Amino acid sequence: MAHWFHRNPLKATAEVKFDLKMVASDSQAIKICSDLRQARSRLLQLLPNANHEIDVVEPALTLYLALLRGLIEVPEDQGSDWSKLRHALRFRWTHSVLGNPPESHFDTIFELVSILQNAAFWYFKHASKISAQEDVSMDEAKLAHRSLRRGAGLLKYAQEEWVSKLLEAPIAGSDSDPRVHTAYINQATAEAQEVTIARAIELKHNAGLISALANETSKMFTTAADAIASLEEKKFGHWTKYLRLKAAFYASYAYNYAGENMLNQDKCGEAIRSLQEAKKKYEETGELCKEYAQTKGPGAHVKPEKHVFYRRLAPIVARTLEKCERENGLIYHQKVPYDPPELELKATYGLVSPDDYTLPPSAPLWTPVTYSAFDLTKNLADDPSANPKAAQKAEGDLPTVKEADVHQTSKDHKNNSGCSVM
């Protein structure tokens, strides 16, 4: 079960000059414009490289969001909810699955949501980078787990706190589309639970607990796949296939460990039926792996059926089924039920939820005096009354973000689960 994750591309964005200095009347206000430009540029330089450490990316994200917050909310005692600067600048962003045509808005909240989403995608890719290593220590496993939870937390915060405040409803298939959001959140949470399951197998935890965790994880992948099933097959089919195959894979795990748990309770007939279902789900996963490899769409193109995470499960199922059938023939002589057992176990340990997240406080530069120094009665380089859709058409698509390579080991991991988490 060496971790292999499907990752969609990062969002692309156009440069923002933050030329509000044209309407700024003091040095502090002009410095804010410069700091915003530099902080955004620094963050966007970091995000395409998942090899960076969290303690490099996180401060850069915090700095930019602290500065950006002053364009959204007014300082205290200014008598308004939204900053007068909220609509002063135009921001252009693509979406992770929709390709290169950007969406354009004179709205800093659109920038905030997009930055939170892209940062979340970096956290997901960073977790993949850690999990893909040849040997992963316990501390590194915790980092991968944290990275997945933090990414999910950023998306959850963006969706729950800010998407409803956008000027327009999210377009279909965009990163703010509730269906896409649901898929990302459930995928990240399920992948964090993959780390927990791997650790539970390594430590030889109770088979019933492992089965329950695997069942919950399978359900999360299914929820993610169902969420985007109604979206365009050409763009979302590749991602959907990944989610379906992971759901089937963990269903196989759940039935395998449920069978082992039943055998421990002397329910040998039921154990055999559970193992038969595990074998069936594993074979279903094999077909889905082939479909995934043959389906075009955003994200890495690999052959998951050759990956150790897939290959290691077959002998586990075969061994457990053989053991159950042998003991039933020698000792129990129980009838094998026609229907597979219900996986109604609820995991009592190891379930994952997204991290809580909130914006950092506004940067200290944003004082009431500095805020007042911006005079929007002066002319801006870009007129917010202009038609952003026409401007967008004239400027064309944005180039795809060039992401740094991340090393993927081709070697099998030397542990019980085959997982890269040790």
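**Reading the cavities**

Analyst: Start with one lining. In this predicted model, the residues around the second largest cavity divide into four nonpolar, three polar and two charged.

User: Which residues line the second largest cavity?

Analyst: The lining consists of His6, Arg7, Asn8, Phe121, Phe124, Lys125, Tyr184, Gln187 and Trp239. The space inside is about 70 Å³.

User: Which helices each supply at least two residues of that lining?

Analyst: Helix H3 (108–131) and helix H5 (178–202) do. H3 gives the most, with three residues.

User: How is empty space found in general?

Analyst: Rolling a probe the size of a water molecule over the atoms shows where empty space is left. Here the count comes to two cavities of 30 Å³ or more.

User: What is the volume of the largest cavity?

Analyst: Its volume is about 100 Å³. The largest cavity has 13 lining residues. Glu103, His105, Phe110, Leu166 and Glu168 lie nearest its centre.

User: How do the lining residues of the largest cavity divide by type?

Analyst: Six are nonpolar, four are polar and three are charged.

User: Now a single residue. Is Glu277 buried or exposed?

Analyst: Look at the relative accessible area. Buried means under 20%. Glu277 has 7%, so Glu277 counts as buried.

User: Where is Glu277 found, and which residues is Glu277 in contact with, leaving aside neighbours within four places in sequence?

Analyst: Glu277 belongs to helix H8 (residues 268–294). With those neighbours left aside, Glu277 is in contact with Tyr255 and Pro340.

Note on methods:
Residues numbered from 1 in each chain as written. Predicted model: local features only at pLDDT ≥ 70, side-chain atom pairs only at ≥ 80, totals over all residues. Heavy atoms only, no water. 1 Å grid on protein atoms, 1.4 Å probe; cavity = no way out; pocket = protein on both sides within 12 Å on 5 of 7 lines; lining within 4 Å. Points joined across faces, edges and corners; volume = space filled by probe spheres on them. Nonpolar A, V, L, I, M, F, W, Y, C, P; charged D, E, K, R; others polar. Buried < 20%, exposed > 50% of the residue type's maximum accessible area, 1.4 Å probe, protein only. Contact = heavy atoms within 4.5 Å.
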